[in-house]
Protein chains: 2
Amino acid sequence: MSKEIISSTFPSPQHNHSECVDAALGEAERLCRIRDLRLTPLRKRVFELIWQSHRPVTAYELLDRLVQDGRRAQAPTVYRSLEFLTECGLVHRVESMNAYVGCNQPSRGHEVGFFICEACGDVAELADPALSSSVTKGAKQLGFTVHSRLIEVRGTCRACTAIKTDDPKRML
Amino acid sequence: MSKEIISSTFPSPQHNHSECVDAALGEAERLCRIRDLRLTPLRKRVFELIWQSHRPVTAYELLDRLVQDGRRAQAPTVYRSLEFLTECGLVHRVESMNAYVGCNQPSRGHEVGFFICEACGDVAELADPALSSSVTKGAKQLGFTVHSRLIEVRGTCRACTAIKTDDPKRML
DNA sequence: ATAGTAATGTTATAATATAACAATTACTTT
DNA sequence: AAAGTAATTGTTATATTATAACATTACTAT
């Protein structure tokens, strides 16, 4: 079995987002069951809130929403949930934004890169072995042993490019 | 002329660091002269402080040192100098550390990746066209237009690997 | 039921970063 | 040299992001 490029692609503007949420939640519950991790109501709620969009969300935005829920949450509540979720691989931290986004393929390895659309804010995740191996090659030149990689690419996604170029076929 | 891999490599533990500082300062002054940018005493001092090592330094560490110098500096002083220096390309921000490190090749483009040694904290910069093009290829799959790339790799540099493996030839 | 562990609540504070406006310095034009 | 302008720096205040420390609650296994 050859190595595979796994990409979350950008969601189309018309996609049915509740399907994303359902899939993510189902997968999270399955993973936590298998690994004997505790997806408590709080953690689950934070996870749902993160999945309300494909845009990274900050800890304090999450906190606001928890408070709107009626919880008496404080910053540590959120950060602890985020720590749990990122350690499980259910959520990724986007370093260049101090923000968090749901992971699309939590059961796979996490040699991923993020593609962040500066127009709509959505993020796509790409696990491309070629990319990883380029990093490894660079490391080899330096005699450097790689522990982890962080790749965050900024630009414009297909849909937003289409809008900017006034493609008459596209409606948003 | 073919594209070239430009790497700062990790400094050897024995290297004469004042040569690094002198080279960086000379280059900075040259660049600012050419581009008609103002490397004021404050900016120059911040630049020197950043170059006191190959480890990224935080804004508040710089602030402390400015105060030790006898200046009555405040946070905005530092952040403004950092903004100037990063915009010129004389300094890079390491996103995963909220810290700043001197650029080794400020007159070149900045499609660089950082290799951060978790043992000694030193950072090497690598401008590898293969790495950039992997990112571009990934982007193409997504229909994504790249504006900028952020690559930060964590691991262990050659010297620190040697120490850990108890290479008897190495002394630090 | 109870001891032990994990999770969450709570308070306080640390660390990182910027906004807004004042004062100073440097650069131009005369 | 003086006046006018723009750039830089000073200063105060505050926003944003994150964690430490300890109390309480909930779950787990005997």
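Is B:Asn98 buried, exposed or partly exposed, and what is its relative accessibility? B:Asn98 counts as partly exposed, at 43% relative accessibility, where buried means under 20% relative accessible area, exposed over 50% and partly exposed in between (1.4 Å probe, protein chains only).

## Basis of the model

This is a predicted model, in which local features need pLDDT of at least 70, side-chain atom pairs count only at pLDDT 80 or more, and totals for chains, interfaces and linings use all residues. Residues are numbered from 1 along each chain as its sequence is written, chains are lettered from A and ligands numbered from 1 in the order in which they are written, and side-chain values use heavy atoms, with hydrogens and water left out.

## Residues with positive phi

B:Asn98 lies in the loop between strand E2 (91-94) and strand E3 (99-102) of chain B; helices (H or I, at least four residues) and strands (E, at least two) are DSSP runs, numbered from the N terminus. Phi of B:Asn98 is positive, near 45°, in a residue other than glycine.

In chain A, A:Asp36 is not a glycine but has a positive phi of about 60°. A:Asp36 is placed in the loop between helix H1 (17-35) and H2 of chain A. With a relative accessibility of 69%, A:Asp36 counts as exposed.

## Surface near DNA strand C

DNA strand C is surrounded by 17 residues, and the closest are A:Thr40, A:Arg80, B:Tyr60, B:Tyr79 and B:Arg93. A residue is near a molecule or strand if one of its heavy atoms lies within 4 Å of it. Helix H2 (41-50) and H4 of chain A, together with H4 of chain B, each supply at least two residues of this surface. H4(B) gives the largest share, four residues. The surface divides into six nonpolar, four polar and seven charged residues; Ala, Val, Leu, Ile, Met, Phe, Trp, Tyr, Cys and Pro count as nonpolar, Asp, Glu, Lys and Arg as charged, and the others, Gly among them, as polar.

Of the atoms of DNA strand C within 4 Å of the protein, 53% belong to sugar or phosphate, and the rest to bases. Polar contacts are pairs of N or O atoms within 3.5 Å; within protein, one must be able to donate a hydrogen and the other to accept it, and residues adjacent in sequence count only if both atoms are side-chain atoms. A side-chain N or O atom of B:Arg93 is 2.8 Å from a phosphate oxygen of DNA strand C. A polar side-chain atom of A:Arg38 lies 3.4 Å from a sugar or linking oxygen of DNA strand C.

## Surface near DNA strand D

Around DNA strand D there are 18 residues, of which the closest are A:Tyr60, A:Tyr79, A:Arg93, B:Thr40 and B:Arg80. Sugar and phosphate make up 53% of the atoms of DNA strand D that come within 4 Å of the protein. Helix H4 (75-88) of chain A, with helix H2 (41-50) and H4 of chain B, each supply at least two residues of the surface. The largest share, four residues, comes from H4(A). By class, seven residues are nonpolar, four polar and seven charged.

B:Arg80 has one 2.5 Å from a base nitrogen of DNA strand D.

## Helix packing

Two packed helices are described by the angle between their axes and the distance between the axes. The axes of helix H3 (residues 59-68) and helix H4 (residues 75-88) of chain B come within 9 Å and cross at roughly 115°; axes are lines fitted to C-alpha atoms, for helices over the stretch in contact, and angles run from 0 to 180 degrees between N-to-C directions. The crossing of H3(B) and H4(B) is right-handed, a crossing being left-handed if the near helix is turned anticlockwise from the far one by less than a right angle, and right-handed if clockwise. B:Ala59, B:Tyr60, B:Leu62, B:Leu63 and B:Leu66 of H3(B) make the contact with B:Ala75, B:Val78, B:Tyr79 and B:Leu82 of H4(B), where contact means heavy atoms within 4.5 Å. This contact has nine nonpolar, no polar and no charged residues.

In chain A, the axes of helix H3 (residues 59-68) and H4(A) come within 9 Å and cross at roughly 115°. The crossing of H3(A) and H4(A) is right-handed.

## A:Ser132

A:Ser132 is in helix H5 (residues 129-142) of chain A. A:Ser132 is buried, with a relative accessible area of 12%. Apart from neighbours within four places in sequence, A:Ser132 is in contact with A:Glu111 and A:Arg149.
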